[in-house]
Amino acid sequence: MKRLCTLALIAFSSLTYAAEPAPDSACMTAAKEKKLFGAARTSFVTKCEKDVLAKCELAAGEKKLAGAAKASNVKKCVRETAPAA
């Protein structure tokens, strides 16, 4: 009985999670605002994400962070940083 309840809970959770759309990154939002499609959008988003990641890595280096603290800081920075227009 416990196994059945656990499986039902897992199935329900995964259906609920799958129904929610994933949030767009700031770079994808900027690409949509610029009305880019296809290869142009892919190229823009890839370059934008690389630029944002490099900027955040540099900022973490300036703060002399390492290990998990650096990874956490970079992840937060990437989420919060809007692309350069």
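## Close-up views of a predicted model

The torsion about the S-S bond of Cys 56 and Cys 77 is about -75°, so this disulfide is left-handed. The views below are all taken from a predicted model.

**View A. The disulfide between Cys 56 and Cys 77.** The sulfur atoms of Cys 56 and Cys 77 lie 2.1 Å apart. Cys 56 belongs to helix 3 and Cys 77 to helix 4 (residues 67-80), so the bond ties together parts that are 21 residues apart in sequence. Both Cys 56 and Cys 77 are buried.

**View B. The disulfide between Cys 27 and Cys 48.** Here the sulfur atoms of Cys 27 and Cys 48 are 2.0 Å apart. With a torsion of about -70° about the S-S bond, the disulfide of Cys 27 and Cys 48 is left-handed. Cys 27 sits in helix 2 (residues 26-33) and Cys 48 in helix 3 (residues 38-62), so this pair links parts that are 21 residues apart in sequence. Cys 27 has a relative accessible area of 5% and is buried. Cys 48 is at 8% relative accessibility, and it is buried because the cut-off is under 20%. The count comes to two disulfides, and with bonded cysteines counted along the chain their pattern is 1-2, 3-4.

**View C. Helix 3 and its buried residues.** The buried residues in helix 3 are Phe 44, Val 45, Cys 48, Val 52, Cys 56 and Ala 60. What do the buried residues of helix 3 pack against? They pack against helix 2 and helix 4. An α-helix has 3.6 residues a turn, so residues three or four places apart point the same way.

**View D. The length of helix 3 and the residue after it.** The 25 residues of helix 3, at 1.5 Å a residue, should span 36 Å; the end C-alpha atoms are 36 Å apart, which agrees. Lys 64 follows helix 3 and has a positive phi, near 60°.

**View E. Confidence along the chain.** The protein chain has a mean pLDDT of 78, and 68% of its residues reach 70 or more. Which elements have the lowest and the highest mean pLDDT? Helix 1 (residues 2-19) has the lowest, at 52, and helix 3 the highest, at 92. The pLDDT is below 50 over residues 15-22, and this stretch has zero contacts in the model beyond near neighbours in sequence. Where pLDDT is low, the predicted coordinates should not be read in detail.

Definitions and conventions
Residues numbered from 1 in each chain as written. Predicted model: local features only at pLDDT ≥ 70, side-chain atom pairs only at ≥ 80, totals over all residues. Heavy atoms only, no water. Disulfide = S-S within 2.5 Å. Helix = DSSP H or I, 4+ residues; strand = E, 2+ residues; numbered from the N terminus. Buried < 20%, exposed > 50% of the residue type's maximum accessible area, 1.4 Å probe, protein only. Expected span 1.5 Å × (residues − 1). Contact = heavy atoms within 4.5 Å. pLDDT = per-residue confidence, 0-100.
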